[in-house]
Amino acid sequence: MAFEIPKTAYSGKIRQIKLGKGDKAVTVGGETAYPFYLFEGEMPNLPKIAMEVYDMPPEEWPEAALEPFAGVTDDPLAWAQKCINDYGAEMICLQLLSTDPNGLNRPADEAAQVAKKLCDAIDVPLIVWGTANHDKDTEVLRMVAELCQNKSLILGPVEEADHKKIGAAAIGYKHTVVASTPIDINLAKQLNILLGNLGVSDDLLAMDPTVSSIGYGLEYCYSVMERMRMAALTQQDAKLQFPIICNIAKETWKTKEAKITEAEDPKMGDAKKRGILLEAMSATALLLAGADVLIMRHPEAIKLVREMISDLTAK
Amino acid sequence: MALSGIEIFKLLPKTNCGDCGVPTCLAFAMSLAAGKAELSKCPHVSEEAKSKLSEASAPPILPVTIGTGEKTLKIGGETVMFRHEKRFENPPGIAILISDTMDDAEVKARLEKSKSLEYERVGLTLNTNLIALKAESGDAAKFTALVNKVKDGSDANLILISDKADVLAAGLKACADRKPLLYAATKGNIDAMAALAKENGCAVAAKGDGLEELATLTEKLDAAGLKNVVIDSGSRTVKQALEDQIIIRSAALNKKYRPLGYPTIVFPAEMTDNPMKEALIASMFITKYAGIIVLSDFQGESLFPLLVERLNIYTDPQRPLATKQGIYEINNPNENSPLMVTSNFSLTYFIVSGEIENSKVPSWLYVKDTEGLSVMTSWAAGKFSADIIGPAILKSGITDKIKHKKLIIPGYIAAESGGLEEEMPDWEIMVGPREGAHIPGYLKDWKP
C-alpha cells in the first residue's frame, strides 16, 4: 500500500482579530488547521506574547522572577517600558492585582489612572486584567474602559456574572473583550453567545479558557482548548472560532515547585532554570493546544517560547 | 490492509457463544475492527481465519516492550489522536544518554542520576528507569565495556545505539538477557539488525530518512516476523519532527497504515545544543506522541517538569487523580495549629496544600476520600457532607494531635457547618475561604 499523508477535514477557520491600534497593533487568529499543523493548513499570524506588569510591587515572587525587573517593580510604567525596550515585548498585560478586595482593595479610579498612564505612554497593545472578583472587576474595568476610551484595550476577565456591564462599557468605548470561563467548552460557547447578543462585535472578542500550569491541572485546559479548536475547525462551531488568550505566568510562578530552592530539595535542580522551564513548558503545551496570545513573565522563558514558535513555523 | 467489522464477522464462527466475553460474534467483530479487542479472546476461531484476521485485529499502533521483569517499559498501543477522545495509554519512556567516550566518573554520575532523580506525587513515584548507551567510539570492545559497567551498576531498561551491526552485536552479547532496544536498523544494515533482534528476542528501532523509507524498513522487519518495533523518521528539525509525529499517528489510526503503526523514538538533543531548549522540545514530544524521548543528560530542573507534564497528559480524563485520605502536616504544625479539611481530588489537594505552605502558618490538613471529586462536585454528589466529614475526622486520630476543637471547612460547603456542629459536639466549625488563593490571608489571622 502506497503511503498517503492523512489529512484532517477542516470546515472552519479561527477569526482573525486586531489587537491594539496604530503601528504596533498586532493581528492574531486566522488559523485554518490545528496548531502548527502547517502541512494541513495555515497559521497566518504567529502566536503573540504579552509581558506582565503589576500595579503593585509583587509579594512572594521567587528571586528568579523578580531579578529581571529589579528597580521597576514599584512603577508600572517603568516596568512596562523595560519590558518593551529591554525585552522586546510586543504586548503588555497590566495585572490590576492591587484592586483585589481580599488584598489592598485599591479603589477603581486609582487603578484606572494607572491603566490610563500606561496606555498613553506605550504604543504596543495593552491587556488590562482584573482580579476575577465580579463586583470589583465591574467597577474597575468599566472605569478603565471609560478613561482609556478609543485606546483599543483588551479587557479581561469578563465572566458570565459581570459580562453585561463590562461588555457594555467595552462596546461603548471600543475595546476588545476577553470572555473568561472555568475550563468548560460549553460555558465558553455560552458566554460568547451572550456577549454576541449584548452587541460585542466578533472582531472584538477573544476567549480565556482558564489555564493552569504543569502539575496544577494543565491537562484540563489543554484538552478543553483542543476541543475548542476541534469544534471551531472541524464542526463549524462559529461561536468557538475566536482567538484564545492564556494568562499562564501567574499560575506557574505561584506554585511551590517554582519557588522551592535547590538547597531545600537538591533533586529539583536549579531554581531559576526550573521556574523558567515550568513557565516555558506550560506555555508550549498551551501553544500546541491552540493559544493565540500567551501572557508571560520571565524574559528567558519568553525567549525560549519565541524560539519554539519560530522553529515550529520555520519556512 | 485493515478489514471492516463486517468483513471480520464473515470469518468468525458466527455461533454467538459469548466465550470471548461479548454476547455476539458481530459485536466482537466490531470491537476487533475498532482495535478494542484481541482475536485470542475467541477460542473457536479457525486457523485460516486466524491468519487472515491477525493483521486486521492487531491494534493500529502496536504495543512494544523493552526490558524484562516488573519494570519492563511498555509503550505504544495508543488509540486516539486527542486525549479527550479516550486517553493516552502508555507514557513515553524518558532515557538518559551515556556514551562510551565518557570517562568513568561521568558514567557513574549519570547512573546515579538515573537512579536518584525520582519524585513522589499523588502517591505515585515519577521516575525514568531507561538508559541509552551510545557506541560513539565505534569500537566494539569499548562499547562492551560500557554495557558491562551499566549493566552492573543499574537495573534500568536499556537502549543500545550504534549504526554498526557488529558493534551493536558485541554490546548486545553482554546484556542480551536484559532485552534492550536496538537502535537502529537503517537502509544499510537492516538485514543484520533484523537477524540480531530476532536471535535475541529484542525490540529493534528502524530509522529511515523520511517516512517513505521508514515504511519500507518496517515492512522488512515485519516480514522477518519482528513485532517489537520502534520507529524514527530521521527528521531533526522541530517543525519536521512534530509533523512526522502527527502524520505517523494519524496514518496508523485513521488510515490503519500498518508500516507506521509503531511507537516512535525522538532525540531532542539532536535538534539543539541548548539544554533549556532541549527540555522544551522534549515537552512538545510529551504532548505530541513520542514513545521514547532520549535526553542528552538529566537535570532536576528540567526532568521534574517533564515527568509531571507526562503524568498530567497521560492522566485518564475520565478518572481524575486522587490523593490518599489522611492527615497531612504542613509547615510543622503543633497542638495549637489550625485544622482544615478538604476533598481528595489531586488538584484540590495541590492547590490547598500549596497555599497553606505559602502562608508559612503551621497547619493540619485532613484530606477526605471523596472518590477524586473536587469540593463542590463531591458536596453536590453527597460525598462531602456533614455526616461523612464529621465521623471521619473524629476517627482520624487528629484529636490526639491537637488540643483545640476547631475545624476550618471550605467556604463552598458553608451550608454543612450546622450539620457538622451536630456531628461533632463541642467543636467549633469555622467557615474558611472559598478560593485557595485566600487561604494564606485567612490562616495568618486565625487564632486558636
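Predicted model: local features only at pLDDT ≥ 70, side-chain atom pairs only at ≥ 80, totals over all residues.
**Talking through the model**

Colleague: Which residues does A:I17 touch, not counting residues up to four places away in sequence?

Modeller: Residues are numbered from 1 along each chain as its sequence is written, while chains are lettered from A and ligands numbered from 1 in the order in which they are written. Contact means that two C-beta atoms, placed from the backbone, lie within 7 Å. With residues up to four places away in sequence left out, A:I17 touches A:V28, A:G29, A:D203, A:A206 and A:P243.

Colleague: Does A:I17 count as buried or exposed?

Modeller: A:I17 sits in strand 1 of chain A (strands are DSSP runs of E with at least two residues, helices are runs of H or I with at least four, and both are numbered from the N terminus). A residue is buried with 20 or more other C-beta atoms within 10 Å of its own, exposed with 12 or fewer, and partly exposed in between. Because A:I17 has 22 C-beta neighbours inside 10 Å, the residue counts as buried.

Colleague: What distance separates the C-alpha atoms of A:I17 and A:T27?

Modeller: Strand 1 (residues 16-19) and strand 2 (residues 26-29) of chain A run antiparallel and are joined by 4 bridges; strands pair if DSSP finds at least two. In this pairing, A:K18 stands opposite A:T27. A:I17 and A:T27 are 10 residues apart along the chain, yet their C-alpha atoms are separated by 5.6 Å.

Colleague: Which residue in the turn of the hairpin formed by strand 1 and strand 2 of chain A has a positive phi?

Modeller: The hairpin has 6 residues between its two strands. A phi of about 80 degrees belongs to A:G20.

Colleague: And the core: which helix gives the most residues to the largest one?

Modeller: A nonpolar core is a set of buried Ala, Val, Leu, Ile, Met, Phe, Trp, Tyr and Cys residues joined through C-beta atoms within 7 Å. The largest has 240 residues, of which A:I92, A:V144, A:L155, B:L182 and B:V204 touch the most other members. The top contribution, 12 residues, comes from residues 271-289 of chain A, helix 10.

Colleague: Between which domains of chain B does this core lie?

Modeller: Domain bounds here come from an automatic or database domain assignment. Both domains give residues to the core, so it lies between domain 2 (64-313) and domain 3 (326-445).

Colleague: How many residues of chain A touching chain B come from helix 10 of chain A?

Modeller: Across the two chains, 40 residues of chain A are in contact with 50 residues of chain B. Helix 7 (218-234), helix 10 and helix 11 (299-312) of chain A each supply at least two residues of that side. The largest share is from helix 10, with 9 residues.

Colleague: Is B:K14, with its positive phi, buried or exposed?

Modeller: B:K14 is not a glycine, yet its phi is about 55 degrees. This residue is found in the loop between helix 1 (5-11) and helix 2 (25-33) of chain B. With 12 other C-beta atoms within 10 Å, B:K14 is exposed.

Colleague: Last one: what is omega for the cis peptide bond joining A:G156 and A:P157?

Modeller: A:P157 lies in strand 6 (residues 154-158) of chain A. For the cis bond to A:G156, omega is about -5 degrees.
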